[in-house]
Amino acid sequence: MNNHHRQQTTMVTQYPRYSSVTAALIWPIIVRPLLCKIQKHSQQAAVVLLKALGKCEHRRPGFLLEFITEILATRNIISMNMTEALLRMQSQIPEFEEQRCRRQEEPFQELNRRTFALKKILSRIPDVLYDRQVFLETIRKIASAIKKLLDCVNDITDKRSIEQRKREFIKDSKNFSQTLKEYFKHGDSSSVLQSAAQLILATNAIQKTIKISCDPRDQTSSAIHQLNNITK
């Protein structure tokens with residue numbers, strides 16, 4: 001099975017409308033950073049694009065992945081591993097304010113730090129995958145980051161909606177661990193990249209759920225704040 005077909009058939013627990021983790025990550029890793037950059041120059045242009053792209057993606061989940069793939073094809077870029085590219089791009093984007101929990105209590109601020117740190121480490125995988133010693137050290141850092149994030153989540157709340165996200169996150173963490181075992185046996189790097197991307201998606205989901213459940217609701221959201229919800 002080739003990488004593209006695997007990406008198209010991997011179901012995404014956190015976003016069931018998507019058939020692949022790759023498609024689900026296009027918005028947070030490519031589109032949202034682009035819109036935030038545009039917003040700095042033109043709020044109106046950012047809102048117009050937000051509505052247009054959001055509507056297309058909502059009506060046809062995966063549209064943005066197809067759209068970007070077509071753009072790349074016009075430049076004769078047809079063999080790119082999109083999952084690997086998304087992981088690399090994740091390492092270069094900041095943590096956007098609308099994604100962070102606004103609560104000032106230390107557990108919530110620690111959550112922001114822990115989710116960002118885990119995604120940062122996961123995004124290094126494409127660069128260290130083929131250096132066994134460095135990769136093993138990266139795996140140890142990922143395991144530590146996962147534990148610290150779960151400890152942080154446990155300190156915040158035990159609401160049912162968050163418990164469901166936590167169970168999904170734990171499941172994806174275990175799947176990631178199993179994928180690593182298979183990689184060291186059979187050398188299937190594409191599965192490792194896919195599993196790392198899924199763990200990033202799960203990290204986004206647990207942070208978003210806590211934000212929705214716990215953030216104060218007395219502030220008016222900006223247009224770009226809608227980026228968190230428009231493609232769900």
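This is a predicted model: local features need pLDDT of at least 70, side-chain atom pairs count only at pLDDT 80 or more; totals for chains, interfaces and linings use all residues.
Residues are numbered from 1 along each chain as its sequence is written. Local features need pLDDT of at least 70, side-chain atom pairs count only at pLDDT 80 or more, while totals for chains, interfaces and linings use all residues, and side-chain values use heavy atoms, with hydrogens and water left out.

Let's start with helix H4, residues 63-74. (Helices are DSSP runs of H or I with at least four residues, numbered from the N terminus.) Its buried residues, meaning those under 20% relative accessible area with a 1.4 Å probe and protein chains only, are Leu64, Leu65, Ile68 and Leu72. They sit on the same side of H4 because they cover an arc of only 100 degrees around the axis, judged by the directions from the helix axis to the C-beta atoms. An α-helix has 3.6 residues a turn, so residues three or four places apart point the same way. On the other side of H4, Glu70 and Thr74 are exposed, which is to say over 50%. Just after H4 comes asparagine 76, with a positive phi of about 60 degrees.

Now for helix H8, residues 132-156, which has 25 residues. Among its buried residues are Phe135, Ile142 and Val153. The buried residues of H8 pack against H6, H7, H9 and H10.

And the core? The largest nonpolar core has 56 residues; such a core is a set of buried Ala, Val, Leu, Ile, Met, Phe, Trp, Tyr and Cys residues joined through side-chain atoms within 4.5 Å. Helix H10 (residues 189-214) gives the largest share, eleven residues.

Terms used: Helices (H or I, at least four residues) and strands (E, at least two) are DSSP runs, numbered from the N terminus. The expected span of a helix is 1.5 Å times one less than its number of residues. Contact means heavy atoms within 4.5 Å.
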